[in-house]
Structures are given as C-alpha cells and as structure tokens.
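My notes follow the model.

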Amino acid sequence: MQGISIVTTTWNEQENIKKLILTIRKTLKDHPHEIIVIDDNSTDGTIQTAKQHADIAITKLRQGQTKGLLDGMQLAQYPTIITIDADLENDPQHIPQLAKLTSKFDIVVASRTQLPRISEKIASKTLGKLLGVTDTFSNYRAFKKTIIPLLKWHGSETFGAEFLVTAKKHHLKIGQITYTPPPRRQNPRIGGTIKANLRIFWALSKSIIYLYKK
Ligand SMILES: Nc1nc2c(ncn2[C@@H]2O[C@H](COP(=O)(O)OP(=O)(O)OP(=O)(O)O)[C@@H](O)[C@H]2O)c(=O)[nH]1
Ligand SMILES: [Mg+2]
C-alpha cells in the first residue's frame, strides 16, 4: 500500500485526540503515513496534545469542520488521504480498506449503517440518492490526492457534503463501504436534537443548491 495522509479536525477533543492518533499509528504501523490535525482554537488543550503526537498540528480561528478538512487535505503529502472524526466515532480499523478502494474510486465514503438523526435520514434519501452514497455527512472518507485541487469550500458549514457535490459535478467516481458505528457521545457538539437537525437541514439545502448551480 502507498503512503497515507490522515486528516482530522478538532474542536475541544482533548479527551480523544491522543487515543485516536495512537490507534491510527497502530493500525498503520507497517505503512508510511502522516497525521494532520486542524484545530479551531480549542479551549481544552487539544492543540498541545495534538502537537505532541501528530506530524502536523495547526490551530486557527474557528471556521468549522468543512474548512478544516480542506485545509488539512491541502497539506497532505501522500497519494491517499483519509479524513476521520476525532471523537472516536470512526474506528480506524477501516482505514486500510478505504485506502485500498481509491484504486477504483476518487472518493470512498465510510457510511454508517444507522443514521441517528431524521435530517441525516432525509439527506440520505435525497442528496444521497443523487450522489450514490447513503451517508452524505460521514466525514470518514478516502480521497485520491490528485482530486484535492478540484474541491471547494463555499464559505459556510456543510459538514463536508459539498466535497461530494463537487466530486459529482466533476463526474468523479464516488464509492462506499458501510460500517456499524459505536454509540454516539453524550454531549453532541453540533447541538441538541432540534438544533442539530436544523443545522443539517441547512447544510443539506445549501449542498443541493451547489449541486444544481452552474
Ligand atoms: N476544526 C474544527 N473541527 C470541528 C469543528 N466542529 C466540529 N469539529 C470536529 O469535527 C469532527 C466531527 O464533529 P462532531 O461534533 O463529532 O459531529 P457529529 O459526529 O455530527 O456530532 P456528535 O453527535 O456531536 O458527535 C470532530 O472531530 C470535531 O472535533 C470546528 O468548528 N472546527
Ligand atoms: Mg461526532
């Protein structure tokens, strides 16, 4: 397997970031890899821990997950890039399988078998159908490095969905694997049920508009 760049974004993930990095290193112990952390000014010491354990750890003003993912992917040096959440909801054991599939696809999405929120279920049946994936907001994905210059950030949060939209507009090949997610954390960062669903519906609407915009 060729080298792999792992990109994760963090906002107050001090309790998870070290475990995530060590688990990734163990999973990829026989492969060249680098781990890149893009932190948005966390207040809990995430960046200090990330700097100790990651290859690249950058902190900046809060611009959200999508911008952080793009910044991280643009720094990647290896031909395959994996994006992964830092909160241990994406088990690194799937990284080799995702990476391998980039020989067939430009982007591979690790989709959850159960989507926790109503908004995510609706996204799956609408935007997901158009894109050919069931989990449009999973940011546990593999990307071919060669396509990164095509990806755009439109200036607000879409929880990574706009990358799949851009890929579709460029007729890139999008593949998928599925995995059973662990129970979600108790204190969702994205907000309580109503707020989270509204934020996801808003991200879904913007993504559909980007898809049809010339
Ligand atoms: N850089 C950056 N990372 C963020 C931001 N918001 C969330 N993240 C990170 O993006 C990843 C996914 O965010 P989560 O808050 O877990 O989103 P979620 O999984 O939909 O929601 P939860 O139910 O709270 O887990 C995590 O690693 C977060 O730390 C942000 O504003 N900036
Ligand atoms: Mg999460």
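Below are my notes on the sheet, then on the helices.

I am working from a predicted model: local features need pLDDT of at least 70, side-chain atom pairs count only at pLDDT 80 or more, and totals for chains, interfaces and linings use all residues. Residues are numbered from 1 along each chain as its sequence is written, and chains are lettered from A and ligands numbered from 1 in the order in which they are written.

**Sheet.** I looked up the strand order and found an open sheet of 7 strands, S3-S2-S1-S4-S6-S5-S7, with mixed pairing. Strands (E, at least two residues) and helices (H or I, at least four) are DSSP runs, numbered from the N terminus. Two strands pair if DSSP finds at least two bridges between them. S3 (56-59) and S7 (174-179) are the edge strands; each has a single partner strand, so one side of each lacks a neighbour in the sheet. From one strand to the next, the twist averages 20°.

I then checked one pair. S1 (residues 4-10) and S2 (residues 33-39) run parallel and are joined by 7 bridges. Ser 5 has Glu 34 as its bridge partner in S2.

**Helices.** I took H7 (residues 161-169) against H8 (residues 193-212): their axes come within 9 Å and cross at roughly 15°. Axes are lines fitted to C-alpha atoms, for helices over the stretch in contact, and angles run from 0 to 180 degrees between N-to-C directions. H7 is therefore roughly parallel to H8 (angles under 35 degrees count as such).

How values were computed
Parallel < 35°, antiparallel > 145°, perpendicular 65-115°, else oblique.
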